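Dear colleague,

My findings follow directly after it, and I would be grateful if you read them with the structure open.

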Amino acid sequence: MSLVENAGRAVVWSQAGARMDFTGRVYALSVPELTESELFKTDFFPTSHQILNDAAVGWSIGRIDTYDMLSGKKLWGGGQWNWHGAANGCIYFSQRDPDAKHTSVNRIDIQTGALHQLYSEELPPEMQRKP
């Protein structure tokens, strides 16, 4: 279960079904009454989430999914799950690239999931993966 504050209410993203059911549900709890209001269902549940620009962004190891908070529609899935922050409608992260010889700074558009590399440089030889 993941819990965040949004517009004076607690927004919860949790597992929807039994132990081996990996679907999720997003609902709001009024504060201080804790009255539950169902918002929408999802096809997975995250370990953590944030609400950014009217989008619920949930992540767990190896997966990130984003849903529109108003319609409940899935905007996109996939992408980088260990990111460093969000600004200007984008998620920002750095990583060692798949070739294991470069590092890069990247961004993902929160609404579309479009991935853009902003910067790349070669790693020092001692940090590169050997063949």
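Leu 118 counts as partly exposed, because its relative accessibility is 42% and the partly exposed class lies between under 20% for buried and over 50% for exposed. Please bear in mind throughout that this is a predicted model. Leu 118 belongs to strand E12. Which residues does Leu 118 contact, leaving aside its neighbours within four places in sequence? They are Tyr 92, Val 105, Asn 106 and Arg 107.

To find a position where the two can be compared directly, please look at Gln 95, which stands opposite Ser 104 in E11.

A second open sheet also has four strands; its order is E5-E6-E7-E8, again with antiparallel pairing. Here the edge strands are E5 and strand E8 (74-77), and each of these pairs on one side only. The twist in this sheet averages 15° from one strand to the next.

How many of the six residues of strand E6 are buried? Six of the six residues (55-60) are buried, so the strand is largely enclosed by the rest of the structure. Ala 55, Val 57 and Trp 59 point one way from E6, whereas Ala 56, Gly 58 and Ser 60 point the other way, and all are buried.

On one side, E6 pairs with strand E5 (residues 48-52) in the antiparallel sense, over five bridges. Two of the residue pairs can be located by name. Trp 59 in E6 is the bridge partner of Ser 48, and His 49 stands opposite Gly 58 in E6. The hairpin of E5 and E6 has two residues between the strands, and in this hairpin Asn 53 takes a positive phi near 55°.

E6 is also joined to strand E7 (residues 63-68); the two run antiparallel and share six bridges.

Thr 66 lies in strand E7. Is Thr 66 buried or exposed? Thr 66 has a relative accessible area of 0%, and it is therefore buried. Not counting residues up to four places away in sequence, Thr 66 touches Ala 55, Ala 56, Val 57, Lys 73, Lys 74, Leu 75, Trp 76 and Ile 110.

The secondary structure comes to zero helices and twelve strands, so that the elements, read from the N terminus, are β-β-β-β-β-β-β-β-β-β-β-β. The C-alpha trace spans about 55 × 35 × 25 Å along its principal axes. Of the 131 residues, 36% count as buried. Among the contacts with a separation of 6 or more, 27% come from residues 24 or more positions apart. The accessible surface comes to about 7,800 Å², and carbon and sulfur atoms account for 54% of that surface. As for charge, the protein has 12 positive and 15 negative side chains, and the centres of the two sets lie 6 Å apart.

With kind regards

Methods:
Residues numbered from 1 in each chain as written. Predicted model: local features only at pLDDT ≥ 70, side-chain atom pairs only at ≥ 80, totals over all residues. Heavy atoms only, no water. Pairing = 2+ DSSP bridges. Buried < 20%, exposed > 50% of the residue type's maximum accessible area, 1.4 Å probe, protein only. Contact = heavy atoms within 4.5 Å. Areas by Shrake-Rupley, 256 points an atom, 1.4 Å probe, with all protein chains shown as cover. Lys, Arg positive; Asp, Glu negative; His and termini not counted. Charge placed at Lys NZ, Arg CZ, Asp CG, Glu CD. Axes fitted to C-alpha atoms, helices over the stretch in contact; angles between N-to-C directions.
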